[in-house]
Amino acid sequence: MDVGIVIRPELPPEDLVAHVRAAEAAGFAEAWLWEDCFKGGGIAQAATALAVSERITVGLGIMPAPVRNAAFTAMEVALLARLHPGRLHPGLGHGVADWMRQIGARPKSSMTMLEEVTVAVRALLRGETVATEGRYVRLRDVALDHPPAIVPPVSLGVVGPKGLELSGREADGTVIDWLSAPGYLRQARERIEAGRAAGGREDGHRLTVFVIAAGDPDRVRREIAERQAQGGEQERFMDAPLEHLALLPGSERETLRVLEEAGADCAVLVSPDPEVPLDAAAWAAAVA
């Protein structure tokens, strides 16, 4: 299992270069970036991160499909993939509902939109000519002039059973949000595999799991309490030991072990404090 680190978008954009270089110097396999409203554009972040690094994989998790034209998304991703072969891992999602409503981009069917965008983007990246008249994606004989020789994997950031099955059927990987217990990861794998079977997929499917890295267990408990107050997908973290939900001092090995056994291909460390970055060197040493 690889280990990565998230560079949160709440941090000052002018510090991005330093954080990417610190992550690479510390030995992390991946650096993940978030496209959150209304902080920093994901493509701009990814382009910068790739340009100032040499080895580390840059993940973009995730771009909201409702605001991303499929053809232009493929154009942007293809260019970065050609400039930095094998080091880009883009992700798509249906977008946070409140944000999508705020900007007037909330579709009637976010799942249909996500599927149409995913299918079109992956086909274009493979160098195919795409003609489709979908509900949200309409392309008339569109093909990229410069498709990448090494096609980057496209992951979906989803949570529920239908989204996980869609990811297995149409994507190359799935991004799982933090506070996801090993039991939920195993269930997610089952839904993903069901989707893969339905789509006749026999290739690999990468499971990227965000995990809180915190020095204080109480900080994790507060995060759990906030999630409980919000409702939603509480089965992701209910009834799980704290050390299975977060990296805590002294239990790092156990946390990574149970995540890997549950099916994670990459565990990506996240600071629980939006404006306090993780010390890349210190956390790399802790999980080495």
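How many disulfides does the structure hold? The count comes to 0, where a disulfide is a pair of cysteine sulfur atoms within 2.5 Å.

## Model and cysteines

This is a predicted model, in which local features need pLDDT of at least 70, side-chain atom pairs count only at pLDDT 80 or more, and totals for chains, interfaces and linings use all residues. Residues are numbered from 1 along each chain as its sequence is written, and side-chain values use heavy atoms, with hydrogens and water left out.

Cys-37 has 16% relative accessibility and counts as buried. Buried means under 20% relative accessible area, exposed over 50%, and partly exposed in between (1.4 Å probe, protein chains only). Cys-266 is also buried, at 0%.

## Largest pocket

The largest pocket holds about 1,300 Å³ of space. A pocket is an open set of points on a 1 Å grid over the protein atoms alone, where a 1.4 Å probe fits, with protein on both sides within 12 Å along at least five of seven lines. Its volume is the space filled by probe spheres set on the points, which are joined across faces, edges and corners.

The lining has 42 residues; each has an atom within 4 Å of a point. Asp-36, Val-96, Trp-99, Asp-177 and Arg-227 lie nearest the pocket centre. By class, 18 lining residues are nonpolar, 10 polar and 14 charged. Ala, Val, Leu, Ile, Met, Phe, Trp, Tyr, Cys and Pro count as nonpolar, Asp, Glu, Lys and Arg as charged, and the others, Gly among them, as polar.

Strands E3 (57-64) and E8 (173-176) and helices H4 (97-102) and H8 (217-230) each supply at least two lining residues. H8 gives the largest share, 5 residues. Helices (H or I, at least four residues) and strands (E, at least two) are DSSP runs numbered from the N terminus.

## Aromatic pairs

There are 3 aromatic pairs. Rings of Phe, Tyr and Trp (its six-membered ring) pair if their centres lie within 6.5 Å; planes under 30 degrees apart count as stacked, over 60 as edge-to-face and the rest as tilted. Trp-32 and Phe-210 are edge-to-face, at 6.0 Å centre to centre and 75 degrees between the planes. This pair joins strand E2 (residues 30-33) to strand E9 (residues 206-213), with its two members 178 residues apart. Trp-32 is buried at 0%, and Phe-210 is buried at 6%.

Trp-34 and Trp-178 have ring centres 6.3 Å apart and planes at 85 degrees, so this pair is edge-to-face. Trp-34 sits in the loop between E2 and helix H2 (42-51), Trp-178 in the loop between E8 and helix H7 (182-198), 144 residues apart. Both are buried. Ring pairs link Trp-32, Trp-34, Trp-178 and Phe-210 into a cluster.
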